[in-house]
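Hello,

Here is the structure we talked about handing over. Notes on the ligand site and the salt bridges follow it.

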Amino acid sequence: MHFELTEELLDVQKMARDFALKEIAPTVDEDDKAHRFRRDIVEKMGELGFFGCVIPEEYGGNEMGFLAITLIAEQMARVHSSMRLPFNMNALGPAQTILRYGNEETKKKWLPGLCDASKLGCFAITEANAGSDVASMKTRAIWDGENYILNGDKMWISNATVADVALVYAYTDPSVKVKGMSAFAVDMKSPGITVEPITEKLGTWSAPVGVITFENTPVPKEALLGKEGQGFKICMEQLNDTRLGCAAGGLGVAQACIDAVLQYANEREQFGQPIGKFQMNQDMIAQMIVKTEAARLLLYKAAWLKDEGKPHTLETSMAKYWCGEAANFCADCAMKIYGSYGYSEEYPVARYYRDAKSYQIVEGTSNIQKFIIAQDALGYRKANR
Ligand SMILES: Cc1cc2nc3c(=O)[nH]c(=O)nc-3n(C[C@H](O)[C@H](O)[C@H](O)COP(=O)(O)OP(=O)(O)OC[C@H]3O[C@@H](n4cnc5c(N)ncnc54)[C@H](O)[C@@H]3O)c2cc1C
């Protein structure tokens, strides 16, 4: 049993850390406060091959693997949570799904651009009345003999305002319930698409989110991913990939809180000594470290299983759940240890606190992950089927 990263993965981790410190850190607070999406930095990530980790060379990738992309995404989130979103929106979501289910034409059309970030992606599952209950979505795609005609509204879609391609899930035949859901790689320049940004949100201010409306949008047959009726299965597989990216984000934020607290607790003095000397603060610091290390081990194991081609749905849910919880626990402790300075915008802790919350919500809430884990344990529904 080995717990060490290989030399190659250690190099990847270091390169990602150096990149985040050099390219993201200098303007992180300014970008966040301005709600500025840094496409230029995302493009630099693409040039370095960050989004090609899970895509073969023939389509512009480098096949470094799921553990490699997880390590990179973690390092981005450790500096700016918003900057780990592109790992899901380009690589783990659209690119991975198109690779698996797209025809040759669709792969050639989108994969090289998603890898080098000259194209941006998004995935559209959620609707105003369909969140955790994905199957209750109402978006329809009806074949008219020439194209699928897409109608519906997708809400809370990350990258909606900047995406070139969207993975869209819609019913082609709602009469057979989830067996009638299909998945499409939709060109966002298609007619009948409007996008409205969602600007008022708690955190991840530099990550654009919006509502996409499809009104009689024609989608060619080649854009269908897999077969008609495979959409729900494709969606669950996609979430199983993108949950790794979310978990990496939560882990990065948790670590950022530890980094901040260790420095501050040694600098700030009260009652004539550094606040790190107080046992109640030490208790929080110890718990932050242990919870974060547990999150890291769960996540790296899930990503490793995926690279090994072994079942990993259960392990991915455990990692997604615990990384989200660890991020929130650590952000809460960091806020307490920083006191009023944590509450101010002078230090990054308020941003960590805001950004941590999304990791308990997106791509299957903490409850949904616990549901998957408990159902598996109780033998009601095995996660690794
Ligand atoms: C910042 C942000 C970015 C997002 N990006 C995307 C994106 O790119 N693409 C996309 O498709 N969606 C995206 N989403 C949507 C996100 O995936 C959903 O918000 C999430 O799946 C939860 O759905 P909901 O918010 O409708 O909550 P609901 O499903 O309404 O749940 C409300 C509460 O009830 C609980 N609950 C629901 N069902 C159960 C159950 N069976 N058992 C126990 N508890 C339950 C939930 O855990 C939650 O606490 C994003 C959301 C946010 C906030």
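Buried here means under 20% relative accessible area, exposed means over 50%, and partly exposed is in between (1.4 Å probe, protein chains only). By that scale R296 is buried at 14%, while E293 is partly exposed at 37%. These two side chains form a salt bridge with N to O at 3.1 Å, where a salt bridge is a side-chain nitrogen of Lys or Arg within 4 Å of a carboxyl oxygen of Asp or Glu. E293 and R296 are 3 residues apart in helix 8 (residues 279-307), so about one helical turn separates them.

The model is predicted: local features need pLDDT of at least 70, side-chain atom pairs count only at pLDDT 80 or more, and totals for chains, interfaces and linings use all residues. Residues are numbered from 1 along each chain as its sequence is written, and side-chain values use heavy atoms, with hydrogens and water left out.

The whole structure has 24 salt bridges. In one of them, D259 and R78 have their closest N and O atoms 2.8 Å apart. That pair joins helix 7 (residues 231-267) to helix 4 (residues 66-79), 181 residues apart.

The ligand is surrounded by 16 residues, counted when a heavy atom lies within 4 Å of it. Polar side-chain atoms of T126 and T365 each lie 2.6 Å from the ligand, the former from a nitrogen atom and the latter from an oxygen atom. For N367, a polar side-chain atom is 3.1 Å from a ligand nitrogen. Strand 3 gives the most to the shell, 3 residues.

Regards

Conventions: A polar contact is a pair of N or O atoms within 3.5 Å; within protein, one must be able to donate a hydrogen and the other to accept it, and residues adjacent in sequence count only if both atoms are side-chain atoms. Helices (H or I, at least four residues) and strands (E, at least two) are DSSP runs, numbered from the N terminus.
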